[in-house]
Amino acid sequence: MKKLIIGLAVALAASTAAVSAHAADKTKACFVYLGPKTDGGWTQAHDVGRQYVEKELGDKVETAYVENVPEGPDSERVIERLARSGCSIVFTTSFGYMDPTLKVAKKFPKVKFEHATGFKTAENVTTYNSRFYEGRYIIGQIAAKMSKTGVAGYIASVPIPEVVMGINAFEQGAKSVNPNFKMKVVWVNTWHDAGKEADAAKALIDQGVDILTQHTDSAAPMQIAEERGIHAFGQAFDQIKAGPKAQLTAIEDTWGPYYVKRIKMVMDGTWKGGESSWDGLKDGILTMAPYTNMPDDVKKMAEDTEAKIKSGAIHPFTGPIKKQDGSVWLKDGEKADDGTLLGMNFYVEGVDDKLPQ
Amino acid sequence: MGIFESILLTIATAATPLLIAAIGELVVERSGVLNLGVEGMMVMGAVCGFAGASLSGSPWIGLVAGVAAGAVFSQLFAVLTLSIATNQVATGLSLTLLGLGLSGMIGEPFVGEAGSKLPNLFIPGLSELPLVGRLIFGQDPIFYLSVILTVGTAWFLFRTRTGLTLRSIGDNPASAHTLGIPVIRYRYLAVLFGGACAGLAGAHLSLVYTPQWVENMTAGRGWIALALVVFASWRPARVAAGAYLFGGVTIGQIHAQALGFGIPSQFLSALPYLATVVVLVMMSRNKRLMMVNTPASLGRPFVPDR
């Protein structure tokens, strides 16, 4: 009996040792989320990416996340806690985590940090982003083809470069099909308020808009479009369930493959700081949901444009482009550089709105 | 449907949840209890309303589930503040935090699901009347409930004996107690009513306003309802006026933006809050009026001696 107990104890000790040794082998990847992980938009897309990491890398990786982290000083505490808890790499997934990420990174030089949509890097900090504007150019073209009234409604969140860039890309796409195409912009000044987004959608439709697009997080505008019998584009997620007859396509965020790539680089030691990654349609970091509810010729045009953007034949911001005030931004054939795009704080000619400063 | 009519309909939809939640809280505060958990009860109503509709396939069952969820959740607050006499402010705040977290957990399986909407009323002939047809005879059922609740509450508080008793408890629970009035029982019922109203307001969000579930979908509407009660100096008709003022300015500023007047959008977005604050300040300048209407024992726990 005594022997048996000793045997069990030894076996138990051995197995615990095995487990802890195993845990040490694991790479721990951590994520900081702005919203709830089931927001049906931005944060959920990142969480789907995290789940993809777990699926692809299995036992070799351990993930952790903190949701509902407000931007600003509060986030610094959360990021620091994650860094302290043994994360090898921390992904901070919102623009407002930029300075907190850099501050914590300074204190933890061995931990690697990746900040989404920002523009500041360091020894152990990189930035990553997705060229959403490529998708917005395509939906702008579709809108100009599909609209009968010639006016689209754009529900915008907050005036940061990312959103302004999206509006401009949409306008560029629409103009390439119909130079007289008009767009009404409504700023709701929030990312996440289904009710307000619905109000904005209704107001825009009441004012004669027959295509809606949005840069906010909920599927409410899609539902209103379905109810009122007009068309709309999904945001961050395929929202076909909310608008089976309304959705033309959606710009989907696909972070998973990028996360897997970067975590693998951490594992084999090839990860380097100070870099910025800005992938686009061709890298699969954003994808277009199936083109639905449109005639074949429009669908074909959209597919052509998508292929041309992937091959590099089309860059949505190619001159000649004037700014809204009429001054020249890009000369004939000139392409916008990434720096200008990432700091975009002006409208291109044709946008019928005053940019909030 | 003309644009004017359509704007009025949108305003009614935006104002309804605020009005219902505020009417509920008004009754609670008239009984001398301050429940800061409106946001939490409302979001519980929203998630349970959506879940009920989704699981049963009927938005009507969802409506009942939403009301029930708000009512049940409010009793947690009632037990803590009325029976154990905890601090009402702290308990109300934790009720909101708990509601937001719990609703996220309950709602997780329903994210991204297309919801079913409560059908609008339609009376052939009447609903087609120009201008007022849709507004009076073609709205969602909860809109009519909000009207009934407002009128009913005003009648109850100021025209019935029970209403008078409730108000007297809010002003002086000790005196009411010495007269043999069951203060705690009254307050329990008031909190229950407030919870049911908050639940109904939440269900309006997930079954009418935007038939879907997203976490935190109340987005601060519970807090606006709380502010409206003060703004209306605890009078139901003024609560209705306030809710419609807030809804009207909210919708109006969106239309102003879409028309492209060139007014900064941040200013326009802040306008509904600004308008409410301005009116609030103007109201409270009349000290006597505020004194008369503010429940004198608001927020103070009452422990009956034995």
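User: What is A:R131 in contact with, leaving aside neighbours within four places in sequence?

Analyst: With that exclusion, A:R131 is in contact with A:W278, A:D279, A:G280, A:L281 and A:L286. Two residues are in contact if their C-beta atoms, placed from the backbone, lie within 7 Å. This is a predicted model, where local features need pLDDT of at least 70, side-chain atom pairs count only at pLDDT 80 or more, and totals for chains, interfaces and linings use all residues. Residues are numbered from 1 along each chain as its sequence is written, while chains are lettered from A and ligands numbered from 1 in the order in which they are written.

User: Why is A:R131 called buried?

Analyst: Buried takes 20 or more other C-beta atoms within 10 Å of the residue's own, exposed 12 or fewer, and partly exposed lies in between. A:R131 has 22 within 10 Å, so A:R131 is buried.

User: What are the domains of chain A?

Analyst: They are domain 1 (2-130) and domain 2 (132-252 + 285-342), with bounds from an automatic or database domain assignment. Their contact takes eleven residues from domain 1 of chain A and 13 residues from domain 2 of chain A.

User: Which helix gives the most to the side of domain 1 of chain A that touches domain 2 of chain A?

Analyst: Helix α2 (residues 42-57) of chain A does, with three residues.

How values were computed: Helices (H or I, at least four residues) and strands (E, at least two) are DSSP runs, numbered from the N terminus.
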